[in-house]
Amino acid sequence: MPPKKRIFRITFTNQGKSYELYARAVNQSELYGFVAVEDILYGERSSIVVDPAEEQLKLEFKGVRRTMIPYHAVQRIDEVEKEGAGKVIQLNAVDHGSSSPLMPPRGDKGR
């Protein structure tokens, strides 16, 4: 019986977007402070039903053999039984002087 192929679900943020990728290999990169993700998987869907979030993911990672993700951007890495559909979700952009898109906007503080 051939060895079972491992599948990982990687969740991370980058440039105001939350990504969920499925891949066969996740390792510490030779570049300090990065996680290397290889062999990205895309959900097998029929050509009739198109998921826009997954299509965006395919376009963004088209031709990428390996991507390096900074440690601080990774929220979670899970080893899963089956692959799912990858996603790209636009996070709420806050442009009120906040240093992070995840922080709430600063209030007027009584001014």
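Q: Which elements of the protein have the lowest and the highest mean pLDDT?
A: Helix α1 (residues 52-60) has the lowest, at 82, and strand β5 (residues 74-80) the highest, at 96. The pLDDT is the predictor's confidence in each residue, from 0 to 100. Helices (H or I, at least four residues) and strands (E, at least two) are DSSP runs, numbered from the N terminus.

Q: What kind of model is this?
A: It's a predicted one, where local features need pLDDT of at least 70, side-chain atom pairs count only at pLDDT 80 or more, and totals for chains, interfaces and linings use all residues. Residues are numbered from 1 along each chain as its sequence is written, and side-chain values use heavy atoms, leaving out hydrogens and water.

Q: What is the average pLDDT of the protein?
A: The average is 81, and 75% of the residues score at least 70. Over residues 95-99, though, the pLDDT is below 50.

Q: Why does S18 count as buried?
A: Buried means under 20% relative accessible area, with exposed over 50% and partly exposed in between (1.4 Å probe, protein chains only). S18 has 16% relative accessibility, so it counts as buried. You'll find S18 in strand β2.

Q: What does S18 touch, not counting residues up to four places away in sequence?
A: Contact means heavy atoms within 4.5 Å. The residues S18 touches include T11, F12 and V88.

Q: What makes a set of residues a nonpolar core?
A: They're buried Ala, Val, Leu, Ile, Met, Phe, Trp, Tyr and Cys residues joined through side-chain atoms within 4.5 Å. The largest one here has 15 residues, with I10, F12, V37 and F61 having the most contacts inside it. Strand β2 gives the most to this core, with four residues.
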